[in-house]
Every structure is written in structure tokens, then in C-alpha cells.
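Please look over the sequence and the structure before going on to the notes.

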Amino acid sequence: MLKKATEESFVLLVDTHSACLLHVILILTKYFHADSNKVLESSLWRSSDYGSTYTKLNLMPGTTIIVTNFYICPTNKKKVILVSSSINERDQMLFISTDEGSSFQRQPVSFTVDTLLFHPSEEDKLLAYSKEAKLYISTDLGHKWTQLQERVTKDRVFWAVTGVDVDPDLVHMEIQDISGGYLYVTCLIQNCSDKMVTAQFLGKIDHNSLSVQDEHIFVKVTTGNRTKYYVSYRRNEFVQMRFPKYALPKVRSSEIAAQNKLFISKQVYYSIVLENVRSTKQPEENVLIDILEVRGIKGVFLANQKVDGKVMTLITYNKGRDWEPLAPPTSDMNGKPVSCKQPDCHLHLHLRWADNPYVSGTVHTKDSAPGLIMGAGNLGSQLVEYKEEMYITSDCGKTWRQVFEEEHHILYLDHGGVIVAIKDTSIPLKILKFSIDEGQTWSIHNFTSTSVFVDGLLSEPGDETLVMTVFGHISYRSDWELVKVDFRKSFPRQCTEADYDSWKLTDLQGEKCIMGQERMYRRRKESSFCIKGKSYTSALTAKPCQCTEKDFACDYGFERAPSLRVEGDRCYPDFWHDPDAPPENCHLGHSYKSSTGYRKVITNVCEGGLNKEQSAKQHSCPLLAPKGLQLGIKGQMLAVGPGDDITFIVHQEQGDTTSTRYQVDLMDGVRTIYENLTITDEPIQHRYEKPGVYRVNVKAENSAGHDQATLYIQVTAPLQDVHLEVVPIAGRNQEVNLTAIVLPTEANLTVFYWWIGDNLQPKLTLENSLIARFSEEGEVPVTVQASNGRSMVQDSKTVIVYDQFQVIPLSFSRNLDRFNPNIPEWRQDVGQVVTKIIAKLTGVPQDSLVTMVKPGLPTTADLYVLPQESTPVKRSVFVDKRVPTIKQVLSENNVSFIVRGGLRVLVTLPDYITEHELQNCDRKNYKNHGSLLRPEESSLTHPWLRFRKLPGRNVYAQMHNEKEQEMTSPVNHSEDTQNIIQGEEFIDDDLDSQTLGNAGSRSKFSYPRPGIGNFGPGGPLSCRV
């Protein structure tokens, strides 16, 4: 008689995350506040007695912290790391344990951890992916961290695979380059800088497409509406996965699922094994395929096929070569005969994954319980979505039994010796069902005295465990309850060999040779109440079979014609496939075999007998012309700096390489010829010294033909800064010139992104200027970003738009030009000083005046007089008395300020300053402060006085009647003014005494270069001796 299982309960809080260690259970509970979308509270609970009792851990007494997740080292389960933060998320920290969570050490971190990834074999090494898309490495169990890379794709980071990757410290990752594309790169954790990463795939890949699966690495590349898939086997060169033409694959693995087709391959060439497979599109472009691999027995798959709107479940025992519908049971769960008869009625199963990681999906299998399949579905001519009756098979799908009328969550204990089932329902429960005879009979167990909403099932680690935990909550507003159920006391002893019998695996037709061998498994006798235990093995014997026709499937480019029954299993070539064509890697002097249309099913181990591949014809490899030539750079950076080392990589998809010459032109005078370039260990390395754009060309040629590839390399220095120059005041619907001044000035191939106002869509230009109009009054933010492929810099300004305002042009005495470094900060400071002086002399409020000093020489400015708040509505009648007052002050020479060493600079109207300076070039100030004219020599008495460009300054000006825009380049100062550029303060900073502040200060405005030089009569002026 079966003894009653024991149970114990303990109350917990809210949402759970749990894990089992060697003898310890850790459970993390979190309270999630839906309105704020935040976790407001968390608790960590620890049990050291298999869940009988729990202790709440106090990680930081007196401080509220939020634990978001925890990770257990796979090679040493005593080591545990908690990821946590303060309640306000300002302080990020880890809690590290080396004793199964008995104690923790707090470790602050400077980044926000999103996920952790332990090394598969070295217990103290782990990677951390941050919420800022950066990747970090720690080699001391999380105490110290070093940033490896940034712009890394989440969940596309993989440690080296033992036995495949040479160095265990290698990391595979998908990263985004500065151009926005995605790359597959690897690096060692000791040095993972941009220059040390290695691009393992030539070219960009699709976002979220990198997948490292043991010996295989998969990537996807989409160009236009065409997608190609590539695979690398055992870290060899990537090759394009060859699917039958006109098929569109969606998922990567050794078994490939397509939009509605299932493919199978050994490595590169794929053949269709099933069409019209049902798929469901999920959020974020994910696609779920109705395919399930039956765990425990290799080669067995379940799939749902949709034909003419009807979904049917099929099973294969030989990796897709043959598919058959599931045989219905002969009776229902009550023993009554069912009316479902083949071929019009079959069993159909839902093949869905569970969203909740703590419950089983709709079909449950396990490696340690071969042949045992339990799933939800229905009988009939097709699968019905709302019907979820439970069925079970213990002979791998040959015969089925109905066990429940509704869907249940399933848990296998002791290698399937105990099957636990709890109803999947939205109402609270207090009972579970269990079977110890592979579902033949079921017992009911009251696991709690109070009904609970069940949210998950947990079992201890190891397939031999008989201890499980049910967790849930009593009500939606209550705490959570954890219930331990221990079946160990239900079995009095360990099993012996006499407690087992055997069963032989067969398919639905009774065939014993499956995947080339006869396999026999052991199962516990129904009369034996014993524990299988840790030493139990399910497989008994496996004997190879002789090969028959059923061990061979259609080769790449061939398909069966099921409608031609007289032909049996004959494979026919597709119209696009030439069976006698040489393979792409066929080299002159070698031979190849044309396909017979058949190949042995993958992992089939049959021996001798029929060999349908043996009659293949032998051919000599012809000389193939090169095709699919590709040229790339190691690291994928097409924009490099002068003097950077560049490694070019050449790849050829098809054609002979041993007899092909490769002519390489690096476009800077270097031309070379290579033999066997695509297979040599000596890559093309080069260094460009001068900035520019270089078109690198590689031509591959042999006597059968040629192909070529071109790559454009941008050699440019990184951008240092950008200054946005724009008028601070603009008129409504008037043209405004936006100009971006980039440093260094010799930067080439710069792209400018302009954001104006609240528009999220930028305007792109190759020119550094843009004409804009503002239709509404008020403040308009303007931002420009400059990018040259290696770097990006940004500057922002605000333009105030008015319907009406006044502009007064200003000129300065020419002695100011000697101290004009032509930089925005200096112009801003001069403008602020002039504004303050004019406001002080006229009584006009300073906030209604803005002085804009223009770029270039001679130094000029515009004074903006902004509208008054009390301006009458009828503007035509209103006369602004401020403008005459300002002009009077300027014409009376009352506006001046002092620059270095007492040199006074006069500010006045343009016409007046020109006449005044022509008559007073011999003023004392000129003599005392490095004058341009001897005091005893007057410009009016010397006929050689003329206009000229100041020495050392690259300034161009135009007359009023010229239409072209002025061009101004940065000033190249002569030796006597070089100290100004080097940062020496050259203007006093006492604004009250009418002096100018230093050039390092910044203000609200900076200004554009003028469209037309406004210098008054005579243009730019300098006096010469």
C-alpha cells in the first residue's frame, strides 16, 4: 500500500525566483508595483533542510535594498551572487556568497547590472551585461570589474566552448559599430579594446542574429529583401547555408525551421523534410514554430502541420525522413471505447512553450525518462485550440492513453518513477495527483489544508529526486505560500535489477530498426514500489542494423514526389539543381562525386547493407572562375585614422583559389599581386599616412574568368569639437543661416545632422551650413551633430524669434583686429561687454539688447534691439525712441572699452568709424600700443596707404554688391599674437571699468559668419607703414 506523502508549508511574499543548491533552496520574492512599474520590495529566503523551514536573510540591516536577481555558479554551487540596488536605484551593488548563501559580502559596482554570465569551467570568472549595453569582466567573483566593450547586444554574449575554442578566456559577442551596423567579434578578456577585437565574420550581420551553439556559430545577413544565413563549424570559415531555392528560413540550429518548412542538414546543405509547419509570430519579431524534440530518444520529433486551415500533429522517428499522424487511444480515461478511428481521426497535441518557467509546457518530456511523453490536446480530424485533454504514452508515441479531461502542469521525479500533475486553472487548489506506474493509475494527495492559487512547481536538482515544492498564494492580496511535498517516505527501498523489465523501441509501423539500430530500454515493474535512485540508467542495449532504403533521405536539391506512388521513395532533382555540377570548393586537380539524390539520415548509425550513395559518378574538378569575391577589414572599421594599421581580408565564395591571381590596388601608389590570397596566412596589411578617401580594389582572375571587389576607406582624424554659429535673434519667416564650424578644420567627409525645434527627425547635409525659417515666435532650440565615421560631436544653441525687432550695425576701431582670435568665445565676450556699456550709457534695459560680433576680419557686429513688452499693437504709429538714443551715443564716440595694456577700442556706426579712422590713423594710442602707423606719418599725406589683407590672417571679404557668401577660415596668427591662441588672458575682466573678460568664458549666444561683408565704404581696412 502506498504511503501518504508528507508536506510542510511556509508563508512568503509576492513574485518568486528560486534555485536549488547542493542541499540548500534559495527563494527570492519581489513586490512589483504596477503603477510605478518598479519593484518596491524584495526578500531572500533560505532553506537548508530541503524546504522544510525557511529563514529570511537580512543583507543590510536598517537599509532597504531591492534584490532583482541571483546567479549560481554552475561549477561550484556554493558560490552565489545577488544583483541589487538601493530603493532609489542610485546605489548599485552585488552580494557575494561562497557558502551557499549562509553569508554574503556586499560589493558596490559603478554600473547597473542587467544579467550575469558565469564562465562554464572557471568558477571565479563572470561577465556582466549592463543596462547601458556595456560588457564587463570580473576574474575574482565580482569584486573587481573591467569594461570589455560597449554597444553590445543583449543576450548575444557567449563564453568560449570547451573543446572547441582554443582559449577559454575568449568571448563571442555581437556589437554595434559607430555607423549603426552590427558585427560578430571575439576578444580575450585580458584585452578587449576596439583595436584588439577580431571580426570573425566578414561584413555586418543582422541585429540579434548571432548564435553560438557548441560547435556551430550562426549569423544572418539581410540585404534589401534577401536574407542569407551563414554557419561556421568548429570555428572554421563561415560558409553560406545552402537551402533549397525559394525557401525562406526563419530559425537557426542543426534542425532549421522555416516560415512553413522544416529543414535538416549536417552542416551546410539543407533539405526540406516537412512543409506547412505551423508558426506563430510573437512580439519583437520572434516566431514560434510548432516543433518539439522528444527528449530521451534521439531522432524523434513532434510537429504541427497546417494544411487548408487544419492543424494536425505528426511524429517522426528518423529526423524527419518520414512523418505519421499520432494514433488515437482505443478508450477514454474511464475505459470506454472512443469513436476516433484512423485515417479520419487522430490524436493532436498543442506544442506550446510555457511562459512561466516554473511550470511545464503543453507537452512534457525528459532525458532521464525515455519514451515518456505527456501532453495536452484532443482527438479528431484537427487540433482544436480550446480543447486541452491530457494524454500520455510510455512507449514513445506508439500507444496513447487519456488521463485527464483538462490541462495539468507536469513534473517528473525519480527518472519518471513518480509523475506529479496539478490542474492548470485560475481557481485555488488543495490537491495534486501523482502516478508511480507511468500514468496507468493516479492517486490524489491533499498537499495543503487551505486552497492556494498554484503558480509553479519546483524540484531538487538531480533526476533522482523525490522532493518537490509547490508555491502559490492564497488570494491575490495575500502572501505567498510554499509547500514542500516529499515522496521519499512512500517508497520503502531502493530498486534492484529484479524490479525492472525491458521494452523495445518501435515506430508506429512496428519497425525495430530506428536510426540504424535496435534500442532496448528498462522500466520499473508496476508491482515494484522502490526508488530508482541516482545510479539508474534507462538505456539497456543498442544493436546496429543493416542499412536499408529507409535509412536514406533526399540529398540537397532533391525532393520526393509523394503523388507518384509507383515510384516509392524515389528522390527527384529540383529544376534549379544540377546534380553533376562541381561543388563550390572543388579545386583543379581534385575530383568530386555527383549526387545520386540520396544521403544517409544524419546521425543514423546503420552498417553494411544497402548504400544508395555508392553509385555516384566520379568527376574531375574543372577550373572554376572566381565568384563572390569580398573585401573587408579586420575589425570592420571603414573609417580609420592616419597612421593606423589596417588588415584587409579577402574572401571568395566560389571558384578555384589555387590557380587564381589576385591584383590588389590600395590607391596610394601601392599595387601588389598575390597567389592563393584567400587561403594564405599572411593577410594584406597597410597604413595610410594622409587623410582622404581611398578606393581599394581587388581583382581575382584565372583562365576561366575573373571577379573583383571594391572597398572605400576613409582616412580621417577624429572630430574634436563643433561650434554652432547662428544669430541669437531671428525674424519670423525670415531666412536664417545655421553654420557648423568643425575642429580640426581639415576633417573630411563630415555628415551634419540638424535638429530644429521639437522635430525628432533630423535634416542631413554634407555641407556645414543650412538655411532655416522659423514660423512661430518664441525660443527655438537648434542642435547640430557632426559625424565623420570615427567620431561624433554636438553643439546646441537657442534662437529667439520675434515678429519685429531693430538691428543697428556696429564697427570697431581697427586696432581690435590685432587681438581677434576668430573664436566663438572671444566674440561672445566682446558682445557682452558692448551690450553692457550701451545699456549703461543709454539707460536701455540690458536684457532688451544683444550684440552679435561677426566672424572674420575686420571685426564688426550687429546690435539687436528687442521689442518692448509694452509695445502698442499698432506698430506703424509707434516710434521706438531707443534706437535714436543708441545711435547718438555711438556717433558721439562715447562707447569704448579697453583691451590689453590700456589700448582703447572705439565702437561706433560703420560710416563714422571709417571716416574717423582715415583721419586719425596717427592717434597716440596707436603709437603706444603697437601702432600700425608712425605718429609723424598721416594716411592723408602718404599715397602708398592702401587696403590689404592683414599678414598671417586668411580672411576674405566682399563688397556690398557681391552675391556670393563670405568664406572665413580659422586665423593663423603671426608670432607676436600667438600667445593669445595659447590661452593667455589678453583682456581685463572688470566689466564695470569697460574692459573685456578672458576668452575662456562662454555665454548664451554665439554667432554665424555673415552672408555679405558689411564693412561700410572701402571694405576691410588696415593702415601700413
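How far apart are the sulfur atoms of Cys513 and Cys545, which form a disulfide? They are 2.0 Å apart, and a disulfide here is a pair of cysteine sulfur atoms within 2.5 Å. By this rule there are seven disulfides.

The model is predicted: local features need pLDDT of at least 70, side-chain atom pairs count only at pLDDT 80 or more, and totals for chains, interfaces and linings use all residues. Residues are numbered from 1 along each chain as its sequence is written, and side-chain values use heavy atoms, with hydrogens and water left out.

**Disulfide of Cys513 and Cys545**

- The disulfide of Cys513 and Cys545 is left-handed, because the torsion about its S-S bond is about -90 degrees.
- This pair links distant parts of the chain, 32 residues apart. Cys513 lies in the loop between β43 (500-504) and β44 (517-524), and Cys545 in the loop between β45 (539-544) and β46 (546-547).
- Strands and helices are DSSP runs, numbered from the N terminus: helices are H or I with at least four residues, and strands are E with at least two.
- Cys513 is partly exposed, at 27% relative accessible area, whereas Cys545 is buried, at 6%.
- Buried means under 20% relative accessible area, exposed means over 50%, and partly exposed is in between (1.4 Å probe, protein chains only).

**Disulfide of Cys586 and Cys621**

- Cys586 is joined to Cys621 by a disulfide, with an S to S distance of 1.6 Å.
- The link of Cys586 and Cys621 is left-handed, with -95 degrees about the S-S bond.
- Cys586 is in the loop between β49 (571-573) and β50 (591-593), and Cys621 is in the loop between β53 (618-620) and β54 (627-633), so the pair ties together parts 35 residues apart in sequence.
- Cys586 is buried, with a relative accessible area of 3%, and Cys621 is buried at 5%.

**Disulfide of Cys187 and Cys192**

- The sulfur atoms of Cys187 and Cys192 are 1.9 Å apart and form a disulfide.
- About the S-S bond, the link of Cys187 and Cys192 has -85 degrees and is left-handed.
- Cys187 counts as buried because its relative accessibility is 2%; for Cys192, also buried, the value is 4%.

**Other buried cysteines**

- Cys73 is buried, at 0% relative accessibility.
- Cys396 is buried, at 0% relative accessibility.

**Helices α1 and α2**

- Two packed helices are described by the angle between their axes and the distance between the axes.
- The axes of helix α1 (residues 824-842) and helix α2 (residues 882-891) come within 10 Å and cross at roughly 105 degrees. This makes α1 roughly perpendicular to α2.
- Axes are lines fitted to C-alpha atoms, for helices over the stretch in contact, and angles run from 0 to 180 degrees between N-to-C directions. Under 35 degrees counts as roughly parallel, over 145 as roughly antiparallel, 65 to 115 as roughly perpendicular and the rest as oblique.
- From α1, Ile838, Leu841 and Thr842 meet Thr885, Ile886, Val889 and Leu890 of α2; contact means heavy atoms within 4.5 Å.

**Thr842**

- Thr842 belongs to helix α1 and is buried, with 17% relative accessibility.
- A polar atom of the Thr842 side chain lies 2.6 Å from the backbone oxygen of Ile838.
- The Thr842 side chain also reaches the backbone nitrogen of Val844, at 3.2 Å.
- Apart from neighbours within four places in sequence, Thr842 is in contact with Thr885, Ile886 and Val889.

**Gly456**

- Gly456 is part of strand β40 (residues 453-459) and is buried, at 0% relative accessibility.
- Gly456 and Leu482 are 26 residues apart in sequence, and their C-alpha atoms are 9.9 Å apart in space.
- Not counting residues up to four places away in sequence, Gly456 touches Tyr358, Val359, Thr469, Val470 and Phe471.

**Thr365**

- Thr365 is in the loop between β32 (363-364) and β33 (373-380), and is buried at 6% relative accessibility.
- A polar atom of the Thr365 side chain lies 3.2 Å from the backbone nitrogen of Arg295.
- With residues up to four places away in sequence not counted, Thr365 touches Glu293, Val294, Arg295, Leu372, Ile373 and Tyr412.

Key
Polar contact = N/O pair within 3.5 Å; in protein donor to acceptor, adjacent residues only side chain to side chain.
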